[in-house]
Amino acid sequence: MTDLSLAGPPSALVGKRIGSDLQAQRVRSAWVFLAPTLLVLAMVAGWPLVRTIYFSFTNASLTNLSGAEFVGLQNYLSWVTLKSGRTIYRGLLADPAWWNAVWNTLKFTAISVSIETALGLIVALVLNARFPGRGLVRAAILIPWAIPTIVSAKMWAWMLNDQFGILNDILLGLGLIGQKIAWTASPDTAMIAVLIVDVWKTTPFMALLILAGLQMVPADIYEAAKIDGVHPLRVFWRLTLPLIRPELMVAVIFRMLDALRIFDLIYVLTPNNAQTKTVSVLARENLFDFDKFAYGATASTMLFLIIASITILYMWFGRVNLDGGER
């Protein structure tokens, strides 16, 4: 009788060991290839972030960064109680301009991302259908997204001009308005103008990401639903939408991250407008225009915390993985 203890490990254990070694080798190779990218990312993103957070706890100015002194949380919130008993609050968290910028940022993000997601879904559904010239339409729909934001903002600034803008001429010709509107200067229409330009530019990006998800849906499902006589709207709500939900959620989070950091479009279209000033614009003004570098660094740090918090909550409650799957 053969002694099994001397016969060597079973084939299943050998295969498992080989698979484990192969997986470990793949992980090591992945880290080797990623190391240069991670190093560059740490230099161009990680180090500036750390420095910005550090400066938010100092009294640094643009002309004297090296002589900055640690002041604790004074840039965030501090208070002084007078002899009369009145307490005066100072710092970013007590600044009405900061909270106005936060509100503008959140409002812009919520409205723009919602509209762009809805329109992007419609465009993606159209582009996913088969029709003559579909390839040409797919390429043409990406033109607004391919145009640099600064160029788009300048182009729309001309079209939205109250004196010689083409948008006012069109609306006047259609009888929709009675007089020319200063779209980017009026407090009532400044945010609307920014949203129009952003939706025009970024909807193709959402459509592209959603279209990628639609392309992965098996055609057999639609054929079976068509044979069973299921209504197209029911197919959309019960089949299409659940199947592309992971890709849709990832598209939303990517767009949301970009919208929360919005700067260039607003800075070009509506400079110095309190109704559209976002956190990024406020931080830039304090960093460079007002020579309140530490205060601007504090605003930038708070923006980073806001974006990180919203992203974590979105991924947690939406049960989203960045690889396009669900937890």
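Reader: What volume does the second largest pocket have?
Author: In this predicted model the second largest pocket has a volume of about 430 Å³. A pocket here is an open set of points on a 1 Å grid over the protein atoms alone, with protein on both sides within 12 Å along at least five of seven lines, and lining residues have an atom within 4 Å of a point. The volume is the space filled by probe spheres set on the points, which are joined across faces, edges and corners.

Reader: Which residues are closest to its centre?
Author: Of the 19 residues that line the second largest pocket, Leu-49, Arg-261, Ser-300, Leu-303 and Phe-304 are the closest to its centre.

Reader: And which element gives the largest share of that lining?
Author: Helix H13 (293–317) gives the largest share, seven residues. The elements giving two or more residues also include H1, helix H10 (245–260) and helix H12 (279–289), where helices are DSSP runs (H or I, at least four residues) numbered from the N terminus.

Reader: How does the lining divide by residue type?
Author: It divides into 12 nonpolar, four polar and three charged residues, with Ala, Val, Leu, Ile, Met, Phe, Trp, Tyr, Cys and Pro counted as nonpolar, Asp, Glu, Lys and Arg as charged, and the others, Gly among them, as polar.

Reader: Before going on, what are the ground rules on numbering and confidence?
Author: Residues are numbered from 1 along each chain as its sequence is written, and side-chain values use heavy atoms, with hydrogens and water left out. Because this is a predicted model, local features need pLDDT of at least 70 and side-chain atom pairs count only at pLDDT 80 or more, while totals for chains, interfaces and linings use all residues.

Reader: How many cavities of 30 Å³ or more are there?
Author: A search of the whole structure finds one; a cavity is a set of points where a 1.4 Å probe fits but cannot get out. The largest cavity has a volume of about 40 Å³.

Reader: Which residues line the largest cavity?
Author: Val-102, Thr-105, Leu-106, Leu-260, Val-279, Leu-303 and Ile-306 line it. H2 gives the largest share of this lining, three residues.

Reader: Switching to the surface, is Leu-39 buried or exposed?
Author: Leu-39, which lies in helix H1 (residues 11–55), is exposed, with a relative accessible area of 53%, because exposed means over 50%, buried under 20% and partly exposed in between (1.4 Å probe, protein chains only).
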